[in-house]
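Please look through the sequence and the model that follow, and then read on for a guided walk through some of the contacts inside the chain.

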Amino acid sequence: MLQNILSGKSTIDPSQLAGVAGLPSDPASIAALMSQLQGALQGAQSGTGAINWDIALKSGQERAATGQLTPTTQERTQLDQAFHIAALWLDDVISVAELTAVPRLLTRKEWVTATLPLWSQLAEPVATSISESLTRVLTDQAPEELQGMIANASQIVRSIGGTLFAMQLGQVVGQLASEVVSGGDVGIPLLDDGQAALLPQNVAEFGDGLDVPTDQVQIYLAVRELAHARLFRHSRWLRLHLISSITDFAHGITIDSSRLEELASGFDPSNPEELREAMQNGSLIPPKSEAQLAALARLETMLALVEGWVDVVTVEATSRLPKADAINETVKRRRASGGPAESAFATLVGLELRPRRLREAAAMWQAITDAVGNEARDALWAHPDILPTMADLDDPQALVARLTNAARGEAAELDDVDQALEDLLRDDGAERPKEERPKED
């Protein structure tokens, strides 16, 4: 069927195929899609089935370039100044070192180019899991006499499916480029370690409709971005930890083969809306496994801790801005609603980017700040073993009490496990009876 579509011998309209995949259906885009799929078919026949992520990059760049504006000299000067002020104000409220890299001002296309490598890294386990599930369905359902034919078909499905996935990812990232205002806007560290960036065009659009002077919007967003970038540079382990949590979650994604068979049995090529809806609402992905739920809980906790800390230090650092509260409320509303590209990414990869426990995390960081100060608060980012946990989000006062006692020099109250370990070490270090002492050589 795929060969017939690509050779023009099928009655299926290629624009319908593009629509099902969530891709543009204009003539130029359809031509590009068919060219990429023909290349994927040739790759499958030659035995190379690896996903070509350059397709995602090109697709994303083309999407981002639509409606893109180049920053003016005035905008660059204003935002450079905003970053300078933001760095000075942050120095007063955090004990996290400054960045060594100069903050960047990116166009939407440049943001796609800079972030697509990480997007591809996060999405690859999902693409692999889906293609393996599809090929497994083909193999399991085929009669024995057709296994030889199915082996070749499986390679074609893997190659073409990977190409469609890459193009979809590019479209999602290209759309995100018109929604984000900074490098750290989605919570995960998309740029290189210690790199901060703002998108001038999107910063200007963020301020449209607000009764807030432009310079205050620029400074506020610069403070948030610098705080995010400085945290990840300070805690070198944090970036890898987050990425590992996402990939751990993604590796467990599979396809609901029974739902797929149901769709296939009643598929009408002239009416692909049912398939489109299934792809968009995520019904082909079965409920999360226990391992996935555990990985998701760890990931959401870490994202909430990062975003909550950034919220608290941003509010403190921007207290001199007359309209800081109004900007903060806009940030919260924007975060709560997300955007269409975030929804598309959640469907494509099965992962929400916005942490659900952000409010609790911000309240916890504020309580810690009030109790022991900024320096002791920021010291908790030194190592993952001392970072607040999900239990601390549930009961922040217990954590605050421990930190307050430590600040006073009082011994921490041990839980049952720590007490047992302490008793074991104490017993091991006690002097043994004379008859039990080892003889000296």
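This is a predicted model: local features need pLDDT of at least 70, side-chain atom pairs count only at pLDDT 80 or more; totals for chains, interfaces and linings use all residues.

**Aromatic pairs and helix contacts**

The count of aromatic pairs in this chain comes to three.

A pair with another geometry is formed by W365 and W381, whose rings are stacked, with centres 5.5 Å from each other and planes at 20 degrees. Here too the pair is described as linking distant parts of the chain, since W365 sits in helix α16 (residues 358–379) and W381 in the loop between α16 and α17 (390–394), 16 residues apart. W365 and W381 are both buried, and together with W309 they make up one aromatic cluster.

Helix α9 (residues 214–234) and helix α14 (residues 324–337) have axes that come within 10 Å and cross at roughly 60 degrees. Because of that angle, α9 is oblique to α14, and the crossing of the two helices is right-handed. On the α9 side the contact involves Q216, V217, Y220 and R224, which meet A324, I327, N328, V331 and R335 of α14. Sorted by class, the residues of this contact of α9 with α14 are five nonpolar, two polar and two charged.

Which residues does Q216 touch, once those up to four places away in sequence are set aside? Q216, which is placed in helix α9, touches L321, P322, K323, A324 and I327. Among these, A324 and I327 are residues of α14 that take part in the contact with α9. Q216 has a relative accessible area of 10% and is therefore buried, the cut-off for that term being under 20%.

Helix α9 also has a contact with helix α8 (residues 200–207), and the axes of α8 and α9 come within 10 Å and cross at roughly 120 degrees. The two helices are therefore oblique to each other, and their crossing is right-handed. In this contact V203, F206 and G207 of α8 meet V217, Q218 and L221 of α9. By class, the contact of α8 with α9 holds four nonpolar and two polar residues, with no charged ones.

A last stop is S133, which has its place in helix α6 (residues 108–141). Is S133 buried or exposed? With a relative accessible area of 4%, S133 is buried. The chain also brings S133 together with a residue from another stretch of sequence, for S133 and T254 are 121 residues apart along the chain, and yet their C-alpha atoms are separated by 6.0 Å.

Terms used
Residues are numbered from 1 along each chain as its sequence is written. Side-chain values use heavy atoms; hydrogens and water are left out. Axes are lines fitted to C-alpha atoms, for helices over the stretch in contact, and angles run from 0 to 180 degrees between N-to-C directions. Helices (H or I, at least four residues) and strands (E, at least two) are DSSP runs, numbered from the N terminus. Angles under 35 degrees count as roughly parallel, over 145 as roughly antiparallel, 65 to 115 as roughly perpendicular and the rest as oblique. A crossing is left-handed if the near helix is turned anticlockwise from the far one by less than a right angle, and right-handed if clockwise. Contact means heavy atoms within 4.5 Å. Ala, Val, Leu, Ile, Met, Phe, Trp, Tyr, Cys and Pro count as nonpolar, Asp, Glu, Lys and Arg as charged, and the others, Gly among them, as polar. Buried means under 20% relative accessible area, exposed over 50%, partly exposed in between (1.4 Å probe, protein chains only). Rings of Phe, Tyr and Trp (its six-membered ring) pair if their centres lie within 6.5 Å; planes under 30 degrees apart count as stacked, over 60 as edge-to-face and the rest as tilted.
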